[in-house]
Amino acid sequence: MNQDKKLSCALAVFACSLPLVLLPAEEIPLPENLKGHVVYRNGFDSTASLRDPSCKWKIRTNKSAIRPNGLTGSCIAFEPGSIGWHLTGSDLAPGRGGTVSVWFQTDGAPEPGSEINLLYHSWELPPGTPKSVGWISMFLKDRLNRTSGQNKTGLYCQAYHLPGSVNLHHPATGDFSKDYSPGQWHHAAISCNGKNVVFYLDGKLLKQKTLESALPEGKNAGGITFGRSIGIGTRFDEFILFDSALDEDTIREYYQSMQGILARKQLF
């Protein structure tokens, strides 16, 4: 049995074996095999976690605070106009291979013109390139539908300014506010192995792009952002950076296991 299959089986067993008790606010358990892939994790359960002093990367945030009613404990909440929560560092470029994962919740349906950055993974391009930054991102944006004359919120997947590759701008959903319930927790993830970029929402694959040119490996400068918002408040929780590009089965089973935790929470 290969490593990915073992990891998927471990996640499935984990999801079925959780006891019916309220889990402590300070930690949401992960399967043992998945724990070994965690590079960095923040559950935003204390004020110190806003600028986590134990993190080896630089953190920036504003208009943010720790609030109750996270996945099981607290979460990070952003006011409209926040720059979100940023990590930047010398080895955060997506070419090394990894998965970024976060949970989010909106304050109801987005207002006209609002925008929410769910995940943004950037790479600082080498000096002399036409653009200074390339990025892979998922975001929600409310736009006027010219056909119906009504606003609707779309979820978009982008891979932009990656050298040697054609830009991707993919409308992944019809109307997010109708297809996905506002006020509920949703899961966003992006995986990249340097050649393939895959976008996920609530355990489902939204879009996959094979880059025409592979991203370089090594400790290249990059960054990760979530929560940047225009016109709407948001809450995020359980940010995890994994050291490998998790496959579709693993992402889905992680999402389902977390849904099991939320269901158990609601019993108490």
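## A walk through the predicted chain

S229 is buried, at a relative accessible area of 3%. Buried means under 20% relative accessible area, exposed over 50%, and partly exposed in between, with a 1.4 Å probe and protein chains only. S229 sits in strand 15 (residues 229-230). Contact means heavy atoms within 4.5 Å. Neighbours within four places in sequence aside, S229 is in contact with E79, P80, G81, S82, E115 and I116.

This is a predicted model: local features need pLDDT of at least 70, side-chain atom pairs count only at pLDDT 80 or more, and totals for chains, interfaces and linings use all residues. Residues are numbered from 1 along each chain as its sequence is written, and side-chain values use heavy atoms, with hydrogens and water left out.

Now the confidence. pLDDT is the predictor's confidence in each residue, from 0 to 100. The chain has a mean pLDDT of 83, and 84% of its residues reach 70 or more. Helix 1 (residues 3-17) has the lowest confidence, at a mean of 44, while strand 2 (residues 58-61) has the highest, at 97. Over residues 2-26 the pLDDT is below 50, yet this stretch has 45 contacts in the model beyond near neighbours in sequence. Where pLDDT is low, the predicted coordinates should not be read in detail.

Next, the overall build. The chain has 4 helices and 16 strands. These are DSSP runs, numbered from the N terminus: helices are H or I with at least four residues, strands are E with at least two. Of the 268 residues, 52% are buried. Among contacts between residues at least 6 apart in sequence, 66% join residues at least 24 apart.

Turn to the interior. A nonpolar core is a set of buried Ala, Val, Leu, Ile, Met, Phe, Trp, Tyr and Cys residues joined through side-chain atoms within 4.5 Å. The largest one has 46 residues, and W85, F226 and F239 touch the most other members. Strand 7 (residues 115-124) gives the largest share of this core, 4 residues. A second, separate core has 19 residues, including L34, W103, W185 and I251.

Then the aromatic rings. Rings of Phe, Tyr and Trp (its six-membered ring) pair if their centres lie within 6.5 Å; planes under 30 degrees apart count as stacked, over 60 as edge-to-face and the rest as tilted. The structure holds 17 aromatic pairs. F44 and W85 have ring centres 5.3 Å apart and planes at 90 degrees, so this pair is edge-to-face. F44 lies in the loop between strand 1 (38-42) and strand 2, and W85 in strand 5 (residues 85-89), 41 residues apart. Both F44 and W85 are buried. W103 and Y254 are also edge-to-face, because their centres are 6.4 Å apart and their planes at 65 degrees. W103 belongs to strand 6 (residues 98-106) and Y254 to helix 4 (residues 248-265), 151 residues apart. Both W103 and Y254 are buried. Ring pairs also link Y40, F44, W57, F78, W85, F104, F226, F236 and F239 into a cluster.

Last, R67. R67 is partly exposed, with a relative accessible area of 43%. Its place is in strand 3 (residues 64-67). R67 touches S74, C75 and A77, not counting residues up to four places away in sequence.
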